[in-house]
Amino acid sequence: MSTESTLRFGAQTDEVTSLLRIVNLVRTGEATTRPEIGKVTGLGRGVVSQRVDQAIQIGFLGDGEFGASSGGRAPRTLRFRAEQGRIVICALGAAHIRVGITALDGDILEHTHRAWDIGQGPEKTIAAVMTLVDEVLAKDSKVPVWAVVVGLPGPVDFNSGQPVSPPIMPGWNGFDVRTPFEERFNAPVWVDNDVNLLALGERARRRDALADLIYCKIGSGIGAGLLSQGRIHRGANGAAGDIGHVRVLDSTAVCRCGKIGCLEAVASGWALVRDVEQAVKEGASTSMAPIAEKGKLTLEEITLAVRSGDPLAIMLVQKSARVVGETISALVNMFNPAVIVIGGAIGSAGEVFLAEVRQRVYELSLPLATRDLIITMSVNDEREPLRGGAELAREQLFDVTFPRWFAEGRPSPERTAVPA
């Protein structure tokens, strides 16, 4: 049997490759007994036993229950030791922070949240996030953190972990988000756009390794997460899916990014709030008038008014949906997804919003691109970004970086210089 030092310092040999594959086969449930591993990998019984023993010795696998017998002695199953590490997920929105911890299989163990204005800046925000993380980890403090994922409501350069000119996040441009978490937890940290986490959450829910899916989030802002063959498409600089700043024909509305006619300036949550408040000033009759006059109207209040049948709310939400549907139709023609999921705070409007999106997409997209297309609302579970963050961490740990750290038994951050 190879020693740990041999595995640590050796090249990417067949031995190492087969060991990594066996751990991942058990982790994903594709093969959970030694005979099953032999069938999937083509390795001999002796080699399989040796590799499994190595994985158990390092700490990745453990013996499980006995499996079903095929005529002889029942084989003992193997299990991935998901309990040996924790993943911390910090999902930041425009007006909230949500924090959770999961086991290495993505099972959510603890979570909490609080209201927070992202415009308070990175230093105060990260301090608030750390406080929430400490709260959830205090309930599970004996297990080491293996990975941290931070989701941000704006464009992110995934390689550097830095926000790039985020319209609603003053002071965040180029800020080194990754290092404070690396130093605090001595674990690798990944920073991504929040809607990418939601798209990965849908992948985890559907368990479709080859998903071609668009997750379109309509909240305070608008963005899309693009899954191609099960992988997030981020683009060259992390800007893929930023549909909130696609130009809407003939619109003169000023966007928060400073440009004119962006989709977000026409159809987002803050745009709907603006339009309701303007309509109320002009004397429109609506159940939303009292709260709009106090300047406390939110997108959630508008969607509640839709559900109660308020004509102004329904009209404005349908208008938003039509414009969103037109933009999504362009993505459908270019990207040809199998599923489009609509999420975010607009989800409470339900079919009033979804029906308009469907109509515009099917009207404007090519018949071949919509032949098998499913357009649906998200489950609207507040824990979805946490599931998606865990999915991102597991993908990066076990599909991308596993060969670099597995002989150590747990990952640690790779120290790289961050541009000033």
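Predicted model: local features only at pLDDT ≥ 70, side-chain atom pairs only at ≥ 80, totals over all residues.

**Helix H2**

I started with H2, which covers residues 14-28. I counted 15 residues in H2, and its first and last C-alpha atoms are 21 Å apart. That is close to the 21 Å expected at 1.5 Å a residue. Next I listed the buried residues of H2: Val16, Ser18, Leu19, Leu20, Ile22, Val23, Asn24, Leu25, Val26 and Arg27. Just after H2 comes Gly29, with a positive phi of about 85°.

**H12 against H13**

I then turned to a helix pair. Two packed helices are described by the angle between their axes and the distance between the axes. For H12 (residues 311-335) and H13 (residues 351-364) I noted an angle of about 35° and axes 7 Å apart. The crossing of H12 and H13 is right-handed. I sorted the residues of this contact by class: eleven are nonpolar, five polar and four charged.

**Arg98**

Is Arg98 buried or exposed? I put Arg98 down as buried, because its relative accessibility is 10% and the cut-off for buried is under 20%. Arg98 sits in strand E4, residues 96-103. Its side chain makes a polar contact with the side chain of His113 at 3.5 Å. Not counting residues up to four places away in sequence, Arg98 touches Ile89, Cys90, Ala91, Thr112, His113, Glu382 and Leu386.

**Phe158**

I found Phe158 in the loop between strand E7 (156-157) and strand E8 (162-163). Phe158 counts as buried because its relative accessibility is 14%. Which residues does Phe158 contact, leaving aside neighbours within four places in sequence? I wrote down Arg178, Trp190, Val191, Asp192, Arg234, Leu392 and Gln396. I also checked Asn237, 79 residues from Phe158 along the chain. The C-alpha atoms of Phe158 and Asn237 are separated by 7.6 Å.

Most residues other than glycine have a negative phi. I looked up two residues with a positive one.

- Asp250 has a positive phi of about 70°. I placed Asp250 in the loop between strand E12 (231-232) and helix H8 (263-267). Asp250 counts as exposed because its relative accessibility is 71%.
- Asn336 has a positive phi near 50°. I placed Asn336 in the loop between H12 and strand E13 (339-343). Asn336 is partly exposed, with a relative accessible area of 44%.

Conventions
Residues numbered from 1 in each chain as written. Heavy atoms only, no water. Axes fitted to C-alpha atoms, helices over the stretch in contact; angles between N-to-C directions. Helix = DSSP H or I, 4+ residues; strand = E, 2+ residues; numbered from the N terminus. Left-handed = near helix turned anticlockwise from the far one by under 90°. Nonpolar A, V, L, I, M, F, W, Y, C, P; charged D, E, K, R; others polar. Expected span 1.5 Å × (residues − 1). Buried < 20%, exposed > 50% of the residue type's maximum accessible area, 1.4 Å probe, protein only. Polar contact = N/O pair within 3.5 Å; in protein donor to acceptor, adjacent residues only side chain to side chain. Contact = heavy atoms within 4.5 Å.
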